[in-house]
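Subject: Structure handover

Hello,

Please find the structure below, with its sequence. Notes on what was found in it follow.

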Amino acid sequence: MGVTFDSEKQMFVFDFEHDGSEDIVNLTGGGYQVKAFGKCFYYGYEFTDQVDSSVRSAFIKYVKFTNDLQDNPDLTDFIKNAIDSLNKRINLYDYNLVVMPESSSRVNQYMLRYIYRFAQPTLRKMELVKALPANISFDMDAYQEQYLDDVLEDGRPRYTEAQKEEARQSIQKMLDLIHQKDYFTIAMDVKKSRFRPYIMDFLRFATPSDEQLCDSIRQQNVLVIDDVTTSGSTLNEILRTLRILNEDNEITIFSLIGRKDLMAEAV
């Protein structure tokens, strides 16, 4: 499909049948892997290279601030086209958790309603996910009792005092990094500890709802949606938090209008 800007009429023209050299946006096609975050892929529309900043700003304003989407079939078809393409690429049915901004954006609301035609994922706000790391603590007493104080068959302690202290320091270092949302340092440093496989089971959350959210992130693929991505900072913060809690699940970012390179540049 094509979207062009008619400079004489100062309006955007939608053509859902043809692509052209004057199109101002293109779909990302097969998606773009944000390698720094593992199995993380980006989909959506991107501005083409020839579009000047004034047209970009005008189109973003047009998308974000249209008052009644139901009276704008071009814009609703524009949204549907992108989500239909997304579903063909990833199968939305495989995504049980959707993370989106705490936003009154009509576009975000419409995108979510349209996604519900394909699947019924659980919805969580970005703000809740971003707050999770600050609320994580560690049950050192239970960890000490179940692991550090373990004994061998002959009754000798499994770990020396020096090894126990090494474990405590690793745990504290991991917590400090989690609170800073520094997933990459965790992956490079703390992950090497021999105690790492046991540590995640003893992380604790401030409220049952926090724990429930954490469990859903650990167990499910995550779809992150937003209407417009400009700086990429919010998405990067969300991706870091998601990767703290699950290193292996698949994350898909869907921004109706964005720049995939922002996620790579901000790492």
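**Helix H3 and its surroundings**

At the start of H3, Ser 105 places a side-chain oxygen within 3.2 Å of the backbone nitrogen of Val 107. That is a polar contact, meaning a pair of N or O atoms within 3.5 Å; within protein, one must be able to donate a hydrogen and the other to accept it, and residues adjacent in sequence count only if both atoms are side-chain atoms.

The model is predicted, so local features need pLDDT of at least 70 and side-chain atom pairs count only at pLDDT 80 or more, while totals for chains, interfaces and linings use all residues. Residues are numbered from 1 along each chain as its sequence is written, and side-chain values use heavy atoms, with hydrogens and water left out.

Helices (H or I, at least four residues) and strands (E, at least two) are DSSP runs, numbered from the N terminus. Buried means under 20% relative accessible area, exposed over 50%, and partly exposed in between (1.4 Å probe, protein chains only). H3 covers residues 106-115, and seven of its 10 residues are buried, so the helix is largely enclosed by the rest of the structure. Those buried residues are Val 107, Asn 108, Tyr 110, Met 111, Leu 112, Tyr 114 and Ile 115. They pack against helices H1 (53-64) and H2, and against strands S6 (97-100), S7 (122-125), S10 (222-228) and S11 (251-258).

Asn 87 is part of helix H2 (residues 73-90) and counts as buried because its relative accessibility is 19%. Not counting residues up to four places away in sequence, Asn 87 touches Leu 92 and Phe 118 (contact: heavy atoms within 4.5 Å).

Leu 27 belongs to strand S3 (residues 25-27) and, at 32% relative accessibility, counts as partly exposed. Apart from neighbours within four places in sequence, Leu 27 is in contact with Gly 44, Tyr 45, Asn 81, Ala 82 and Ser 85. Its C-alpha atom is separated by 44 Å from that of Ser 170, 143 residues apart along the chain.

**Helix H6**

The 20 residues of H6 (residues 161-180) reach 29 Å from first C-alpha to last, close to the expected 28 Å (1.5 Å times one less than the number of residues). Buried in H6 are Lys 164, Ala 167, Ser 170, Ile 171, Met 174, Leu 175, Leu 177 and Ile 178. Seen down the axis of H6, these fall within an arc of 165°, so they line one face of the helix; the arc is that of the directions from the helix axis to the C-beta atoms. On the other side of H6, Glu 161, Ala 162, Gln 169 and Gln 180 are exposed. Just after H6, Lys 181 has a positive phi of about 60°.

Regards
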